[in-house]
Amino acid sequence: MSTPLISVHGLCKSFPGVRALHNVRFELLAGEVHAVMGENGAGKSTLMKILAGVYRKDSGDIVYDGVGVDFPSPREAQAAGIGIIHQELQLMNHLTVAQNIFIGREPRKAFGLLLDEDRLNRQAAELLGQLNLAIDPRTTVGGLTVAKQQMVEIAKALSFNSRVLIMDEPTAALNNREIAELFKMIRALKARGVGIVYISHKMDELKQISDRVTVLRDGEYVATVPTAETTIETIIGMMVGRSLSDARLVGAAPAGDIALEVRKLNCGPLVRDVSFTLRKGEILGFAGLMGAGRTEVARAIFGADAVPSGEIRVNNRQVTIRTPAHAVANGIGYLSEDRKRFGLATGMDVESNVVMSNLANYLAMKVMLRKRAIRDTAGRFIRMLNIRTPSASQEVRLLSGGNQQKIVIAKWLDRDCDILFFDEPTRGIDIGAKNEIYRLLRALADQGKAIVMISSELPEVIRMSDRIVVMCEGRITGELSPDEATQERIMQLATQRDTMEGRLTA
Amino acid sequence: MSDPALVKDHKDGIAASGSGAVAALRRRLLGPAALQKLLAFASLVLLLIYFSFASPAFMQTDNMINILQATAVNGVLAIASTFVIITAGIDLSVGTLMTFCAVMAGVFLTYWELPMWTGIVAAILTGALSGALSGAVITKMKVPPFIATLGMMLVLKGLALVVSGSKPIYFSNTENFSMISQDSLLGVLVPDLPIPNAALILIVMAVLASIVLNRTALGRYTFAIGSNEEAVRLSGVNVDRWKIVIYGLGGAICGVAGLLLASRINSAQPALGQGYELDAIAAVVIGGTSLSGGTGTILGTIIGAFIMSVLTNGLRILSVAQEWQFVVTGIIIILAVYADMLRRKRG
Ligand SMILES: Nc1ncnc2c1ncn2[C@@H]1O[C@H](COP(=O)(O)OP(=O)(O)OP(=O)(O)O)[C@@H](O)[C@H]1O
Ligand SMILES: [Mg+2]
């Protein structure tokens with residue numbers, strides 16, 4: 001067997017109040033795809049950030065290419081050939097795609113005095129072409145969809161020609177086609193002898209792409225196993241320390257009265273003639289590809305963007321919703337898919353975020369914050385959702401990605417809305433917590449709440465929904481009952497392109 | 001009221017510009033970013049038209065020269081501020097730093113009686129060092145820019161008084177010093193255009209700053225840091241070093257402003273300076289640069305600086321009481337930024 005590219009022994013790392021890594025082992029060979037699995041907060045990202053020079057280790061050995069290393073900053077790690085795609089997008093929104101990709105390595109001209117923008121754009125275009133990406137290198141990153149932004153991050157990491165490439169949940173925001181493209185790239189890199197670390201909560205990806213799996217639990221090393229010879233169930237068992245069922249979650253009672261009725265909703269190019277009804281006690285799944293307009297429908301109903309045309313009826317009463325405050329007053333809640341941008345005040349602590357949308361309930365004499373009550377509520381949700389945090393006063397940005405997502409959910413649960421839109425509620429959430437969230441959604445529905453769940457993970461939609469609405473290019477292309485819903489059937493509806501447009505361009 | 005013909009002319013001028021390399025160059029200099037500034041530019045034109053109708057004294061050569069002189073100082077300071085503000089930072093020390101640089105020039109030229117170029121170098125170097133010091137306090141000591149530069153503002157104010165003994169320093173030993181700002185090189189060549197050197201210096205500084213901002217690595221990192229500092233750091237760029245350089249560059253530009261001011265009044269006035277930073281910041285935001293970082297243009301800043309000085313000058317000529325001048329200026333600043341916000345939302 002070849003000597004490992006990276007080998008880690010006895011690695012420890014603590015943050016104030018958190019033991020993130022304890023005595024962790026890890027090994028990466030050249031030309032292997034090594035998956036790292038574990039629940040939210042297990043320490044996966046921390047381990048990778050230490051390898052990439054973002055954090056310093058407390059103790060332990062890291063041997064890279066035969067020599068002990070301890071990178072003081074990302075620059076040194078990069079120079080040594082270790083590239084990383086971070087879990088949270090790290091892009092400069094005001095800069096163009098090309099400028100983002102080559103930040104810090106801009107081609108120069110005029111004796112190095114001036115930037116060579118033409119060459120920069122050419123190189124970026126070449127790289128994007130290799131990835132089969134139809135993105136103009138001169139577009140501003142801030143205007144791209146999250147999926148495209150993620151692809152830009154990937155292109156950037158690939159541009160380093162690293163010997164080690166760490167991917168921390170690169171596919172969380174990608175659709176199947178983009179994932180396939182990414183996997184093609186990964187296989188090509190692998191053939192060139194690059195060592196790849198792959199982190200994901202999507203279990204099906206494991207079998208497709210990885211050679212070995214290392215499992216972490218609570219900051220400790222559990223095991224490293226060859227993927228081909230291990231079942232998914234075994235891996236899940238190692239991750240959560242118990243086995244999980246994947247049975248369909250059906251409601252306790254049939255759906256009740258109509259809670260929300262939407263007729264001929266129109267709003268921009270991605271919401272076209274959308275009509276649907278939602279009943280109390282039911283979970284309505286919204287399936288479709290990224291960019292099909294599902295988020296836009298939710299945001300339009302929630303009053304987050306321009307005022308849509310069409311009719312919205314809540315509890316059989318027509319309402320006009322111009323702002324999110326109107327929506328909330330009408331009992332409608334919306335959990336954003338992009339928690340960093342819309343969902344959380346990441347610089348504030350856990351308890352402030354949890355009560356953020358419901359602060360009026362925590363005031364004494366309408367002005368003074370009732371600290372005790374706030375803390376109690378936060379504590380209740382921390383236990384209920386199993387949020388990994390040293391305390392309710394930890395800043396949210398210091399939590400692992402999955403735990404941040406749980407805070408968003410807690411926030412809306414506390415608001416106690418009757419109609420809840422969950423937009424990709426389990427993105428970046430580990431399999432154990434996913435099950436908790438599924439149970440939670442079902443429990444909410446059983447309490448009589450009306451729930452819309454937008455999700456791009458087909459198994460999840462099929463497993464959770466009482467009815468499934470499929471969208472494509474801003475229109476609803478079909479509705480399925482759980483019995484007729486298969487992945488194939490949904491995909492068929494989700495790719496039912498609008499023939500009008502074809503005619504127009506023809 | 002507005003002058004559509006003028007605006008239209010401006011647009012047509014761009015659309016009908018020559019072909020090939022010239023067009024490309026024009027697009028670069030006057031591209032979409034510049035077009036966005038049309039709004040600020042239109043308000044400037046509007047102000048000019050209004051004041052020329054309101055008072056015959058306004059459009060006089062002497063008064064125009066006054067405006068150019070005043071804009072030169074504030075404009076150069078605003079250029080310095082633009083760099084810092086694009087990084088999502090702020091520099092409150094630019095006004096007193098300008099004064100301190102002028103005092104240092106006075107020390108070299110009047111106290112030590114050294115040749116003129118040493119005074120110029122001293123002023124610019126003092127600015128660069130002081131700016132870099134602010135940058136170091138911000139990056140290494142992790143003091144927020146607002147506080148760090150607030151501190152520097154007072155430190156420099158005090159030092160200027162100490163070094164000068166609280167008295168103005170006159171440049172009596174350096175006859176040519178006042179030429180820097182007051183003479184008109186252009187006027188010698190084209191007698192009908194007695195534009196003072198100060199305005200030429202402003203233009204040169206603006207062009208250089210534009211090039212630095214848009215075509216060099218320094219400029220790229222200025223925008224990048226303002227857009228997402230953490231992302232830049234994770235990309236392996238030495239953010240601290242670049243920030244120190246950016247604040248240092250801003251300081252050096254303040255040195256130039258100090259020279260312009262000192263040369264204009266032929267003396268270094270140690271008590272002057274505080275308050276200039278707010279005018280500079282106002283010019284920057286009127287020009288469309290966002291205080292939250294990541295966007296901004298030098299052209300916008302220059303237009304902003306002109307709006308500020310035309311307004312001040314015009315109100316004075318109309319004999320508006322000083323008190324009301326403040327009120328009007330304040331309202332105009334708010335309206336200008338509000339209009340810019342509206343444009344952005346629509347755009
Ligand atoms: N900078 C920090 N300061 C304090 N605590 C931190 C910091 N970074 C991470 N942690 C904590 O360390 C633990 C491990 O976090 P890490 O981000 O490595 O988890 P993860 O396995 O990547 O989880 P996820 O799947 O949710 O991304 C968590 O409890 C987290 O709250
Ligand atoms: Mg993580």
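This is a predicted model: local features need pLDDT of at least 70, side-chain atom pairs count only at pLDDT 80 or more; totals for chains, interfaces and linings use all residues.
In chain A, 4 strands form an open sheet. Their order is S14-S13-S16-S17, and the pairing is antiparallel. Strands S14 (274-279) and S17 (317-319) of chain A stand at the edges. Each has a single partner strand, so one side of each is left without a neighbour in the sheet. On average, neighbouring strands of this sheet are turned by 20° against each other, direction ignored. Helix H9 (residues 294-302) of chain A packs on the sheet. This helix touches S13, S14 and strand S16 (309-314) of chain A. The direction of H9 makes about 110° with that of S13(A). Strand S13 (residues 258-266) of chain A pairs with S14(A) over 5 bridges, in the antiparallel sense. Within this pairing, Ile258(A) has Arg279(A) in S14(A) as its bridge partner.

The magnesium ion (ligand 2) is coordinated by two side chains, Ser45(A) through OG and Gln87(A) through OE1. The distances are 1.9 to 2.1 Å. This pair links distant parts of the chain, 42 residues apart. Ser45(A) lies in helix H1 (residues 44-51) of chain A. Gln87(A) lies in the loop between strand S6 (82-85) and helix H3 (97-101) of chain A. Ser45(A) has 17% relative accessibility and therefore counts as buried, the cut-off being under 20%.

Chain A also meets chain B. The contact takes 25 residues from chain A and 23 residues from chain B. About 2,000 Å² is buried between the two chains. Carbon and sulfur atoms give 55% of this area. The count between chain A and chain B is 1 salt bridge. Glu117(A) forms a salt bridge with Arg220(B). Their closest N and O atoms are 2.7 Å apart.

Terms used:
Residues are numbered from 1 along each chain as its sequence is written. Chains are lettered from A and ligands numbered from 1 in the order in which they are written. Side-chain values use heavy atoms; hydrogens and water are left out. Two strands pair if DSSP finds at least two bridges between them. Helices (H or I, at least four residues) and strands (E, at least two) are DSSP runs, numbered from the N terminus. Axes are lines fitted to C-alpha atoms, for helices over the stretch in contact, and angles run from 0 to 180 degrees between N-to-C directions. Contact means heavy atoms within 4.5 Å. Donors are N, O and S atoms within 2.8 Å of the metal (3.2 Å for Na, K and Ca); water is not among the atoms, so sites may look incomplete. Buried means under 20% relative accessible area, exposed over 50%, partly exposed in between (1.4 Å probe, protein chains only). Buried area is the accessible area (1.4 Å probe) that two parts lose on being put together, summed over both. A salt bridge is a side-chain nitrogen of Lys or Arg within 4 Å of a carboxyl oxygen of Asp or Glu.
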